[in-house]
Amino acid sequence: GFEQRFASRESTLASRDGFQGFLLLRRDGAPDDGFTHSTLSVWRDKAAFEAWRGSEDRAGKPKPGGGGGAGGADGEGGPPK
């Protein structure tokens, strides 16, 4: 399922200075609105996060913190696929 794909996916964030890890949160017992998971990335400090956010690695991707929930294999926006 989605949780296994999320755990086993490759992410370019691991190579970013200041990135410390991901948390995947599952919403249990919630209405069936398609948003079952949320992701949280952990950074050393705000400067490291902002450097990644403004980097070319982010080009063409949804803005972080958009309130969507976990997405497809990259964990970016929208309900899990």
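I take a nonpolar core to be a set of buried Ala, Val, Leu, Ile, Met, Phe, Trp, Tyr and Cys residues joined through side-chain atoms within 4.5 Å. Buried means under 20% relative accessible area, exposed over 50%, and partly exposed in between (1.4 Å probe, protein chains only).

I worked from a predicted model, in which local features need pLDDT of at least 70, side-chain atom pairs count only at pLDDT 80 or more, and totals for chains, interfaces and linings use all residues. Residues are numbered from 1 along each chain as its sequence is written, and side-chain values use heavy atoms, with hydrogens and water left out.

**Core.** I looked up the largest nonpolar core and found 6 residues: L13, F19, W43, A48, F49 and W52. Helix α2, residues 46-53, gives the most to this core, with 3 residues. Helices (H or I, at least four residues) and strands (E, at least two) are DSSP runs, numbered from the N terminus.

**W43.** I listed its contacts (heavy atoms within 4.5 Å). Leaving out residues up to four places away in sequence, W43 touches L13, R16, D17, G18, F19, Q20, A48, F49 and W52.

**Fold.** I read the pattern α-β-β-α along the protein chain, with 2 helices and 2 strands. Of the 81 residues in the chain, 25% are buried.

**Strand β1.** I located L25 in strand β1. I record L25 as partly exposed because its relative accessibility is 46%.
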